[in-house]
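Please open the model in the viewer and keep the selection tool at hand.

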Amino acid sequence: LYQELGKQSPNEQQGFFNAHMTGDEVSKQGYHDQYFSTTLATLRKHVNYLVNELEELSENTWRKDVERHPRLPLLMRHNEFVRETFELVQRHLDSMGS
């Protein structure tokens, strides 16, 4: 939220920063409530980007030689786990926006 506020309104960004630094949870929550849709859109964009990147990595990885890259199966399983995790996050974010 802080970064997005800097793009939209430096005054709001400073207010959010001050609320954080002084421990003003009521004001901070007010910013979160006011900019919920902005935060949600930014998170969606970021998660979608990561899912797409992981899908591309997976597609490119299948073309590699496992004999030459012996850790490749481990990396592929890890990337699949991370992609599935981000897909769960995608679904959760989608449910928050409806």
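**Before starting**

The model is predicted: local features need pLDDT of at least 70, side-chain atom pairs count only at pLDDT 80 or more, and totals for chains, interfaces and linings use all residues. Residues are numbered from 1 along each chain as its sequence is written, and side-chain values use heavy atoms, with hydrogens and water left out.

**Stop 1: helices α2 and α3**

Select residues 10-22, helix α2, and residues 25-34, helix α3. Helices here are DSSP runs of H or I with at least four residues, and strands are runs of E with at least two, numbered from the N terminus. The two axes come within 8 Å and cross at roughly 140 degrees. Axes are lines fitted to C-alpha atoms, for helices over the stretch in contact, and angles run from 0 to 180 degrees between N-to-C directions. α2 and α3 are therefore oblique to each other; under 35 degrees counts as roughly parallel, over 145 as roughly antiparallel, 65 to 115 as roughly perpendicular, and the rest as oblique.

Next, display the side chains where α2 meets α3. On the α2 side are Glu-12, Gly-15, Phe-16, Ala-19 and His-20, and on the α3 side are Ser-27, Lys-28, Tyr-31, His-32 and Gln-34. Contact means heavy atoms within 4.5 Å. The residues of this contact comprise 3 nonpolar, 5 polar and 2 charged. Ala, Val, Leu, Ile, Met, Phe, Trp, Tyr, Cys and Pro count as nonpolar, Asp, Glu, Lys and Arg as charged, and the others, Gly among them, as polar.

**Stop 2: the lining of the largest pocket**

Which residues line the largest pocket? Select Leu-1, Gln-3, Glu-4, Lys-7, Thr-39, Thr-42, Leu-43, Lys-45 and His-46 to display its lining. α1 (2-8) and α4 (36-61) each supply at least two of the lining residues, and α4 provides the largest share, 5 residues. By class, the lining holds 2 nonpolar, 4 polar and 3 charged residues.

**Stop 3: two residues of the lining**

Keep Glu-4, in helix α1, selected. At 15% relative accessibility, Glu-4 counts as buried; buried means under 20% relative accessible area, exposed over 50%, and partly exposed in between, with a 1.4 Å probe and protein chains only. Not counting residues up to four places away in sequence, Glu-4 touches Thr-38 and Thr-42.

Now move to Lys-45 in helix α4. Lys-45 is exposed, with a relative accessible area of 65%. Its C-alpha atom is 20 Å from that of Glu-80, 35 residues apart along the chain.

**Stop 4**

Select Leu-40, in helix α4, which counts as buried at 7% relative accessibility. Beyond residues up to four places away in sequence, Leu-40 touches Leu-93, Met-96 and Gly-97. Leu-40 and Leu-93 are 53 residues apart along the chain, with their C-alpha atoms separated by 7.1 Å.

Continue along helix α4 to Leu-54. Is Leu-54 buried or exposed? At 12% relative accessibility, Leu-54 counts as buried. Leaving aside neighbours within four places in sequence, Leu-54 is in contact with Asn-79, Val-82, Arg-83 and Phe-86. From Leu-54 to Glu-4 the C-alpha distance is 25 Å, across 50 residues in sequence.

**Stop 5: a loop residue**

Finish at His-69, in the loop between α4 and α5 (72-97). His-69 is partly exposed, with a relative accessible area of 34%. The C-alpha atoms of His-69 and Glu-53 are separated by 20 Å, and the two residues are 16 apart along the chain.

Note on methods
On a 1 Å grid over the protein atoms alone, a cavity is a set of points where a 1.4 Å probe fits but cannot get out, and a pocket is an open set with protein on both sides within 12 Å along at least five of seven lines; lining residues have an atom within 4 Å of a point.
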